[in-house]
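Biologist: Could you take me through this model, beginning with the helices?

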Amino acid sequence: MSDFLFPLAVNLDRAEVVIIGGGSVAERKAGKLLEANAAVTIVAPELSGGLKKLWEENKVGWKQKEGEPEDLKNAWLIISASGDKAAQQMIAGHKHPWQLVNGADNPSIGNVAFPASFKEDGVQISVSSGSNKPASVKEWKHYLQRLVKKQ
Ligand SMILES: C[C@@]1(CC(=O)O)c2cc3[nH]c(cc4nc(cc5[nH]c(cc(n2)[C@H]1CCC(=O)O)[C@@](C)(CC(=O)O)[C@@H]5CCC(=O)O)C(CC(=O)O)=C4CCC(=O)O)c(CCC(=O)O)c3CC(=O)O
Ligand SMILES: NC(=O)C1=CN([C@@H]2O[C@H](COP(=O)(O)OP(=O)(O)OC[C@H]3O[C@@H](n4cnc5c(N)ncnc54)[C@H](O)[C@@H]3O)[C@@H](O)[C@H]2O)C=CC1
């Protein structure tokens, strides 16, 4: 991933998002994407409890298998969240150049990252490190939240 990421605020309404992996990381990403009304499909042999519930409630799709090139075809955004090297290589090798990839389990295969965000008074405030510093962006988010609340 480049060390400069362009901040773009995106409308995800009904956008096709494919998540390869069905564990706790996939569950956190799916939760945020559903808030934005994206159309989320999980590809994974097994699902976490939270994702299983979302699938039972018809809120996400589920292909119960390992990720394959075919699964990426219609995705606007692909999220790599399996922690499986073979799946990461499959995504890096088969994604189209115009597709967005979030390398949640391996930032080097991705071109987009999820910032740490909060909303206050109708304004969304997002923090991104431009590299891979999730703990640092989380601290900045908490600092900014405290600052905004004081006023
Ligand atoms: C590159 C990036 C790609 C991406 O995922 O988009 C990425 C990558 C990785 N994160 C890792 C660890 C954790 N990340 C979190 C949490 C968050 N991570 C987020 C973003 C990003 N994480 C992107 C960069 C953002 C930037 O720097 O600008 C946030 C902001 C947004 C979100 O995820 O939604 C959200 C906080 C939101 C908030 O609080 O608001 C927690 C949980 C926690 O801290 O509570 C843990 C510890 C989990 C544990 O240990 O249990 C690991 C190590 C894996 C390992 O070593 O095992 C990798 C991969 C690697 O480094 O290889
Ligand atoms: N970006 C972030 O915020 C964070 C990233 N991570 C990284 O993300 C990865 C996943 O973490 P967890 O969700 O906690 O793991 P987990 O072990 O709970 O879940 C892994 C999931 O991937 C599935 N899977 C395994 N091989 C697969 C394949 N070939 N195709 C499709 N699905 C497959 C499993 O069935 C399971 O559903 C780890 O590599 C970890 O290092 C971890 C914490 C935070």
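Modeller: Helices (H or I, at least four residues) and strands (E, at least two) are DSSP runs, numbered from the N terminus. This is a predicted model, in which local features need pLDDT of at least 70, side-chain atom pairs count only at pLDDT 80 or more, and totals for chains, interfaces and linings use all residues. Residues are numbered from 1 along each chain as its sequence is written.

Biologist: Which residues of helix 1 are buried?

Modeller: Ala26, Glu27, Lys29, Ala30 and Leu33 are buried; that requires 20 or more other C-beta atoms within 10 Å of the residue's own, whereas exposed requires 12 or fewer, with C-beta atoms placed from the backbone. Seen down the axis of helix 1, these buried residues fall within an arc of 170° (of the directions from the axis to the C-beta atoms), so they line one face of the helix. Lys32 and Glu35, on the other side, are exposed.

Biologist: What covers the buried residues of helix 1?

Modeller: The cover includes strand 1 (16-20), strand 2 (39-43), helix 2 (49-56) and strand 4 (77-80).

Biologist: And which residues are buried in helix 3?

Modeller: In helix 3 (residues 85-94), Ala87, Gln88, Met90 and Ile91 are buried. They cover an arc of only 160° around the axis, which puts them on the same side of helix 3. Lys85, Ala86, Gln89 and Gly93 are exposed on the other side.

Biologist: Changing topic, how is the protein chain divided?

Modeller: The chain has domain 1 (16-109) and domain 2 (116-150), with bounds from an automatic or database domain assignment. Their centres, taken over C-alpha atoms, are 25 Å apart.

How values were computed: Chains are lettered from A and ligands numbered from 1 in the order in which they are written. Two residues are in contact if their C-beta atoms, placed from the backbone, lie within 7 Å.
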